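This report walks through the model shown below, from its annotated regions and sheets to the surroundings of its ligand. Please keep the sequence and the structure at hand while reading.

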Amino acid sequence: MAASIIDGKAFAATVREKVAGHVARLKEENDITPGLAVVLVGEDPASEVYVAAKHKNTVAAGMASFEHKLPADASEEELFALIDQLNADPKVHGILCQFPVPDHLNERRVVARIDPSKDVDGLSVVNAGLLASGEKGLVSCTPLGCLMLLRDQVGNMSGKNAVVIGRSNLFGKPMAQLLLQESCTVTIAHSRTQDLAAVCRRADILVAAVGRAEMVKGDWVKPGATVIDVGISRIPHPEKPGKTKLLGDVDFAEAAEVASAITPVPGGVGPMTIACLLANTVTACCRANGLTEPEGLTA
Ligand SMILES: Nc1nc(=O)c2c([nH]1)NC[C@@H]1CN(c3ccc(C(=O)N[C@@H](CCC(=O)O)C(=O)O)cc3)C=[N+]21
């Protein structure tokens with residue numbers, strides 16, 4: 001195996017430590033405790049696990065965590081009333097509504113209801129627009145986490161060819177904007193891209209976020225490239241009956257023979273997502289109180 005493995009779990013721990021340091025300082029010097037509200041509609045088991053992890057990490061960083069669970073049949077009116085209440089609450093600096101929401105609710109409308117200055121998912125039209133304009137907003141947690149890993153791994157990205165596979169508002173588009181800000185030459189590839197393998201082979205930085213397990217093969221990777229795997233597909237475990245296993249979008253064994261560095265799944269990008277959620281909450285808290293925002297935790 002040629003590539004070095006990027007330890008996202010360890011890196012995320014350092015980000016969470018930085019966050020905890022800022023939180024302690026905010027409490028000590030300003031008597032302010034950053035607060036994160038997480039809203040969960042319905043009883044999706046995977047979502048329950050994520051929300052529990054977010055709560056645990058928020059509390060561990062010294063922040064206030066407010067969990068709000070609504071029944072699966074909650075109306076838009078009920079959900080909006082809760083969001084309005086959180087928007088108005090000065091103890092709440094960040095609001096996240098866990099996705100997916102039940103079918104009768106519309107994610108875009110939910111996001112639009114959240115005050116953009118508290119939108120720690122960075123999903124609102126305002127925050128997407130600020131990012132695209134090169135202005136300060138809140139940046140979607142997973143792309144922000146990937147940026148932090150890349151800055152650490154690659155350093156100066158100026159002039160490098162970056163290929164992002166996936167064009168979602170949640171990941172692909174903001175990731176491409178961040179890489180452009182780093183002066184990469186950016187290509188956004190997607191399901192209609194012709195000869196995807198050839199496009200990927202030009203990438204010095206390859207970021208895969210398609211949601212198809214092990215789609216990116218070793219011969220799609222340019223020798224020496226840095227590969228960031230954002231995919232998380234849960235499949236039945238091949239050896240342990242009744243258990244599941246996580247797979248990324250990249251065929252790890254193959255790609256690791258060719259790349260210079262690669263993120264594993266699990267233990268790569270995933271842990272960075274929650275760390276960046278905490279980072280965004282501290283950033284939002286500092287801005288809300290007119291305080292200097294932390295260095296190294298923003299785009
Ligand atoms: N409004 C909203 N914002 C989100 O950011 C959001 C969401 N909804 N809905 C669901 C997805 C998914 N997501 C993950 C967070 C952490 C890991 C993570 O920590 N993964 C670990 C492993 C976890 C495991 O073993 O199951 C890893 O990759 O090493 C993964 C995925 C945030 N999401």
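## Annotated regions and domains

According to UniProt, in an unreviewed entry, residues 6-121 carry the annotation "domain: Tetrahydrofolate dehydrogenase/cyclohydrolase catalytic". The coordinates discussed here belong to a predicted model, and in it the span 6-121 is 51% helix and 16% strand, with its end C-alpha atoms lying 24 Å apart. A further feature from UniProt, again in an unreviewed entry, is "domain: Tetrahydrofolate dehydrogenase/cyclohydrolase NAD(P)-binding", placed at residues 140-287. Over residues 140-287 the chain is 36% helix and 19% strand, and the end C-alpha atoms are 17 Å apart.

The domain assignment, for its part, divides the chain into domain 1 (30-132) and domain 2 (141-270). The centres of these two domains, taken over C-alpha atoms, are separated by 27 Å, and the contact between them involves six residues of domain 1 and five residues of domain 2. On the side of domain 1 that touches domain 2, the residues divide by class into four nonpolar, one polar and one charged.

## The three-stranded sheet

An open sheet of three strands is built in the order β3-β2-β4, with parallel pairing. Because β3 (64-70) and β4 stand at the edges, each with a single partner strand, one side of each is left without a neighbour in the sheet. From one strand to the next the twist averages 15°.

The pairing of β2 (residues 35-41) with β3 is parallel and runs over seven bridges, and within it Gly-35 stands opposite Ala-64 in β3. Helix α2 (residues 45-60) packs on this sheet, where it touches β2 and β3, and its direction makes about 170° with that of β2.

## The six-stranded sheet

The other open sheet described here has six strands in the order β1-β11-β8-β7-β5-β6, and its pairing is parallel. The edge positions are taken by β1 (4-5) and β6 (185-189), each of which has a single partner strand, so one side of each is left without a neighbour in the sheet.

Between β7 (residues 205-208) and β8 (residues 226-229) there are four bridges in the parallel sense, and Ala-208 has Asp-229 in β8 as its bridge partner. Helix α6 (residues 141-154) lies across β7, β8 and β11 (261-262), and it runs at about 160° to β8.

## Surroundings of the ligand

Which residues come nearest to the ligand? Of the 16 residues around the ligand, these are Phe-99, Pro-266, Gly-267, Gly-270 and Thr-273. By class, the shell contains 11 nonpolar residues, four polar residues and one charged residue.

Two of the elements that supply at least two residues each to this shell are β4 (94-97) and α10 (269-288), and α10 gives the largest share, namely four residues. Why does the ligand lie between domain 1 (30-132) and domain 2 (141-270)? The reason is that both domains give residues to the shell around the ligand, so it lies between them.

## Backbone details in the loops

Two cis peptide bonds deserve a careful look. One joins Phe-99 and Pro-100, with omega about 0°, and Pro-100 lies in the loop between β4 and α4 (107-113); Phe-99 is also among the residues that come nearest to the ligand. Another cis peptide bond joins Val-265 and Pro-266, where omega is likewise about 0°. The latter proline, Pro-266, is placed in the loop between β11 and α10, and Pro-266 too is among the residues nearest to the ligand.

A separate point concerns Ser-183, whose phi is near 65°, a positive value in a residue other than glycine.

Terms used: Residues numbered from 1 in each chain as written. Predicted model: local features only at pLDDT ≥ 70, side-chain atom pairs only at ≥ 80, totals over all residues. Near = placed C-beta within 6 Å. Nonpolar A, V, L, I, M, F, W, Y, C, P; charged D, E, K, R; others polar. Domains from an automatic or database assignment. Pairing = 2+ DSSP bridges. Contact = placed C-beta atoms within 7 Å. Axes fitted to C-alpha atoms, helices over the stretch in contact; angles between N-to-C directions. UniProt positions renumbered as here; feature names shortened; annotations may be inferred.
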